[in-house]
Amino acid sequence: MTLNKHSQKIHFKTESEYTMKSIRFLLLTITTMFIIIAGLMVVLGISVYTHYHNFSFFYEAAKSGRFVTPSLLCVLFGMGLFIVTLFGFFGSLKQSTCLVNMYAFFLIIMVILKIVVVILSFTISTDQLRSYVRVPVEQYVEDSEISVELDALQKSLNCCGSTSYKDYAGMNFTSYHDTVVISTDTDTIVVPTSCCAKRGDVYCTRIRSTGCQNALVNMLVQNSSVIGILGVSVTFIQILGIIFALLLAKCIRKMKSEKALIQWKIREQMILAQKSEAVDNTVYIGHTESSHA
């Protein structure tokens, strides 16, 4: 009977636990990768924000309702990804079906949202897309982070302003801004140096005439295939995470059920063994014949 119990335990470990450990390893690998990506996003966003801003800027911007910057968005997305991924990581680590199912649920929502975005992207026109793209030129003087990002954007996309260089008309640039003068037949406008493709001593001789709004839309349209491939790759990894999470939850439930069944069988066999031993140890005493003298 002892040998039979031992063989049942060995058979249970070689099938159920081995399968569960393999799926746990794959899910832990995926969640660890996403945790690293989320951590890098948070660190990068905080580093950029603290480099260009201070607490007083955040406080004043929060009071005015305009405190969302690209660096803060990076931090928020990173924290959201980090929190969601923790459900899968600790769920697989602690073998919790509740945490693993919650992780799969959040991933399913994210995949559905991505599918909705893809469907909308095929139905939206270029003019509608242009209306959703916003270049915050009006914050160039107030926010040093946005000014640096706009300078990089204008140089890389060969553009100026949101719709044209005239968006900078009337701005109060300071001595910290690198500017140049554009002189036309009708007016004279001071713009950032990044708007100028070729400049002289004081005036800009060749201006970047395309607005950054149109340049961004054209870039998105031209690189839509690359963006689509990246989106499909991320979605594929998330779908793998969903499959592994659901399989792991199923394996955990199966393993717990089998363990409970084995423990019940062992207790049943122990009770039967105790009963049989009690019967075997019973001593029967018969009546003795008495002799009369």
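Here is a short tour of a helix pair, a hairpin and the cores in this predicted model.

Residues are numbered from 1 along each chain as its sequence is written. In this predicted model, local features need pLDDT of at least 70, side-chain atom pairs count only at pLDDT 80 or more, totals for chains, interfaces and linings use all residues, and side-chain values use heavy atoms, without hydrogens and water.

**Stop one: two helices.** Select residues 144–157, helix H6, and residues 212–222, helix H7. Helices (H or I, at least four residues) and strands (E, at least two) are DSSP runs, numbered from the N terminus. The axes of H6 and H7 come within 10 Å and cross at roughly 65 degrees; axes are lines fitted to C-alpha atoms, for helices over the stretch in contact, and angles run from 0 to 180 degrees between N-to-C directions. Now show Leu153, Gln154 and Leu157 in H6, which meet Cys212, Ala215, Leu216 and Met219 in H7; contact means heavy atoms within 4.5 Å.

**Stop two: a hairpin.** Next, pick strand S1 (residues 179–183) and strand S2 (residues 188–192), an antiparallel pair with 5 bridges. Strands pair if DSSP finds at least two bridges between them. The hairpin leaves 4 residues between S1 and S2, and serine 183 has threonine 188 as its bridge partner.

**Stop three: the core.** Select Val135, Tyr140, Leu150, Tyr165, Tyr168, Met171 and Val191, the residues with the most contacts inside the largest nonpolar core, which has 24 residues. Such a core is a set of buried (under 20% relative accessible area, 1.4 Å probe, protein chains only) Ala, Val, Leu, Ile, Met, Phe, Trp, Tyr and Cys residues joined through side-chain atoms within 4.5 Å. H7 gives the largest share, 4 residues.

Terms used
Buried means under 20% relative accessible area, exposed over 50%, partly exposed in between (1.4 Å probe, protein chains only).
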